[in-house]
Amino acid sequence: MLDATPLLRIYARHRLSQLSRQHPHEVQSRQLLALTRHARDTRFGQAHSFDEIRSVEDFQARVPLRRYEDFWAEYWQAAFPVLKGLTWPDQIANLAVTSGTSTGRVKYIPISHQMARSNNRAAVDLLVHHVAHRPQSRVMAGKNFVLGGTTTLEDHGSGVVSGDLSGIARLEVPPLLASFVFPDPELARETDWAHKAVAMARASLSEPIRSIASIPSWMLLFFEELAKITGERRLVDIYPGLELVSHGGVDFAPYREAFAEWMEGSHAELREVYPASEGFIALSDEAPEDGLRLFLDNGLFFEFVPVEELGRPDPTRHWIGNAEIGRNYALVLSNNAGLWAYILGDTVRFVSLDPPRIKVTGRISEYLSAFGEHLTPEEIAKALLGAAANAGLQISDYSVGPVFPSRGNASRGRHVYVIEFRGRQPSETELESFAAEFDYTLILNNDDYDSHRQGGFGMDAPEVIAVAPGTFAEWMRRRGRFGGQNKVPRIINDPEILTSLVGLARESKVAHRR
């Protein structure tokens, strides 16, 4: 097929030159004013005096922070599914269906045609940074594999459809680029993930696959399908022309060793992306430890609120012009689909400001503080992975949630961890040592956790259930969250969701320690 990589290189030189000249605060200020000008005649724009906004400070003074539920109740619910003129002036033809990873509540996120174009530009930027680091790349000489959800969407009438963001994105690929994308439209429409995975695996073997993109856990499941068909367990032997594996959506640390094994002998590079239903936020333009570079000029305006201030009536609202390195912020954005000062739910911290690069530290709802212990996702992941490495174990997936004391029960409450190990499974003795080590690591590194664990004052020791391989995939299937862009929640604060996982875990446990 045609190799369009030379054309990509020409564009890459232009784009990289453009990025090198950017002044972050100026770019973001222009983005915000362009967005408010476009939406000034909407119901939202009139209610918040968009025609009077001349600066970031004007915007922050007029537009309070909002969550999804606020937009739904105040602006969208009564008119659903026709959202034109409410928070964005143009017709919204596509709605991305998403659910809170740890709560399961369904949300409909507007995808305007402007946002669809922004998402496509961001995907091209991913390739721009790839060819910048790989001068001999021929990434556009073959197919780019999007391992995503179905393009079969629900029709709400009035020209409005809803579905998986990755399915919507696949339909919005420009015609000129469509021939470089796999799977083909017919296969992309398949709704049964298990059947689709097998069909894609077989079909992909006859295609020149140059890149593959998805959530890490689903890629690993798909790689296993490839292994069943080919008998090979290295990507270089299955897709010899593979150059790029892009991943996002969840912390990559638990999957790094598994990917290293699959990519043994391959010249493909790993590159992280940060897409959300609300916009394509950032990507890795340098080494993994350098963080993810924010998209400043692509239809999004970012704000950053210190996590500890979120519950206050008037929290401090930082932006690129005054954000600080190292602070843990709740990410807030306004976008070119009608979200304004929207609390995304993710937490981030800056590792550099020019260019602005961030690391995702977790979810607002994923902080584990049922008893006042205030554990962050980063702290939990670091403790688990460190203890596993010391024990010679590899974690494939895990979730943790609080178990509260019940009447007549002498226990003080605890955390329950459901952990799926890859490869060698731990014995009861090994699991006990593993649990004791990560518990001790958390005690050393978190004063609040320490105060609740010392002497059994507020919490009992954590309960750990090691489950058989495939347990998390089965749990996600039972919840209707199998495949596509669905994520395994790391911290579960919803009792119903946690009960469903623990119930299955007790059925399929390999070992158990309390």
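**Exercise 1.** Between which two helices does the loop with Leu 65 lie? State which residues Leu 65 contacts.

*Solution.* The model is predicted: local features need pLDDT of at least 70, side-chain atom pairs count only at pLDDT 80 or more, and totals for chains, interfaces and linings use all residues. Residues are numbered from 1 along each chain as its sequence is written, and side-chain values use heavy atoms, with hydrogens and water left out.

Step 1. The loop holding Leu 65 runs between helix H4 (56-62) and helix H5 (68-76); helices (H or I, at least four residues) and strands (E, at least two) are DSSP runs, numbered from the N terminus.

Step 2. Setting aside neighbours within four places in sequence, Leu 65 is in contact with Val 305, Pro 315, Arg 317, Val 332, Ala 341 and Ile 343. Contact means heavy atoms within 4.5 Å.

**Exercise 2.** Find which residues of H1 are buried and what they pack against.

*Solution.* Step 1. Helix H1 covers residues 5-20.

Step 2. Thr 5, Leu 8, Ala 12, Arg 15 and Leu 19 of H1 are buried (under 20% relative accessible area; exposed is over 50%, partly exposed in between; 1.4 Å probe, protein chains only). They lie on the same side of H1 because they cover an arc of only 75 degrees around the axis, taken from the directions from the helix axis to the C-beta atoms.

Step 3. On the other side of H1, Leu 7, Ile 10 and Arg 13 are exposed.

Step 4. The buried residues of H1 pack against helix H6 (113-133) and strand E11 (292-294).

Note on methods:
The expected span of a helix is 1.5 Å times one less than its number of residues.
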